[in-house]
Amino acid sequence: KEYDLLMLFVRNPHRAFSREDIYERVWHGYYPSKSKAVDIAVARLRKKMGWDAEIKAIRKFGYRFDPPSTQPQNQPGVTASARNSEKPESEIRKTMN
């Protein structure tokens, strides 16, 4: 599910998603109101991708992905999260396992 969540965010940058919407799109089912599945999956994704600042929590609503700035890797100041965002999909998929 983390990979599906990643793809949802990457394909929809700067778009806010409610927890319900995320759950229905990633888990393909009805969102149980007390479920923490979305919050836990987002926390794991943030940790694996190094995107603590890029995946923003929207209080009492959900989450939004603001992608890191795109800088070439040979310039100073390139963050690990920016390098991760440049990996091919197959490499990102390996990270999710």
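## Basis of the model

The structure is a predicted model, in which local features need pLDDT of at least 70 and side-chain atom pairs count only at pLDDT 80 or more, while totals for chains, interfaces and linings use all residues. Residues are numbered from 1 along each chain as its sequence is written, and side-chain values use heavy atoms, with hydrogens and water left out.

## Overall architecture

The protein chain has 5 helices and 3 strands. Helices (H or I, at least four residues) and strands (E, at least two) are DSSP runs, numbered from the N terminus. From that terminus on, the order of the elements is α-β-α-α-β-β-α-α.

Of the 97 residues, 38% count as buried. Buried means under 20% relative accessible area, exposed means over 50%, and partly exposed lies in between (1.4 Å probe, protein chains only). Among contacts (heavy atoms within 4.5 Å) between residues at least 6 apart in sequence, 50% join residues at least 24 apart.

## Helix α1 and its packing on α2

Helix α1 spans residues 2-11 and is mostly covered, with 7 of its 10 residues buried. The buried residues of α1 are Glu-2, Tyr-3, Leu-5, Leu-6, Met-7, Leu-8 and Phe-9.

Two packed helices are described by the angle between their axes and the distance between the axes. Axes are lines fitted to C-alpha atoms, for helices over the stretch in contact, and angles run from 0 to 180 degrees between N-to-C directions. For α1 and α2 the angle is about 120° and the axes are 10 Å apart. The two helices are therefore oblique to each other; angles under 35 degrees count as roughly parallel, over 145 as roughly antiparallel, 65 to 115 as roughly perpendicular and the rest as oblique.

At this contact, Asp-4, Leu-5, Leu-8 and Phe-9 in α1 meet Ile-22, Arg-25 and Val-26 in α2. These residues divide into 5 nonpolar, no polar and 2 charged. In this classification, Ala, Val, Leu, Ile, Met, Phe, Trp, Tyr, Cys and Pro count as nonpolar, Asp, Glu, Lys and Arg as charged, and the others, Gly among them, as polar.

## The contact of α2 with α3

Helix α2 (residues 19-26) packs with helix α3 (residues 37-49) at an angle of about 80°, with their axes 9 Å apart. That angle makes α2 roughly perpendicular to α3. On the α2 side the contact involves Arg-19, Ile-22 and Tyr-23, which meet Ala-37, Val-38 and Asp-39 in α3. By class, this contact has 4 nonpolar, no polar and 2 charged residues.

Val-38, found in α3, counts as buried at 1% relative accessibility. Leaving aside neighbours within four places in sequence, Val-38 is in contact with Arg-19, Ile-22, Tyr-23, Trp-27, Tyr-31 and Tyr-63. The C-alpha atoms of Val-38 and Glu-20 are separated by 8.6 Å, although these residues are 18 residues apart along the chain.

## Salt bridges

The count comes to 6 salt bridges, each defined as a side-chain nitrogen of Lys or Arg within 4 Å of a carboxyl oxygen of Asp or Glu. One of them joins the side chains of Lys-48 and Glu-2 (2.8 Å, N to O). This pair links distant parts of the chain, with Lys-48 in helix α3 and Glu-2 in helix α1, 46 residues apart. Lys-48 is partly exposed at 33% relative accessibility, whereas Glu-2 is buried at 13%.

Being 4 residues apart in the helix, Asp-21 and Arg-25 are separated by about one helical turn. Asp-21 has a relative accessible area of 22% and is partly exposed; Arg-25, at 37%, is also partly exposed. Arg-64 and Asp-66 form another salt bridge, with the closest N and O atoms 3.0 Å apart. Here Arg-64 is partly exposed at 26% and Asp-66 is buried at 15%.

## Strand β1

Ser-18 is found in strand β1 (residues 16-18) and counts as buried at 13% relative accessibility. Beyond neighbours within four places in sequence, Ser-18 is in contact with Phe-61 and Gly-62.
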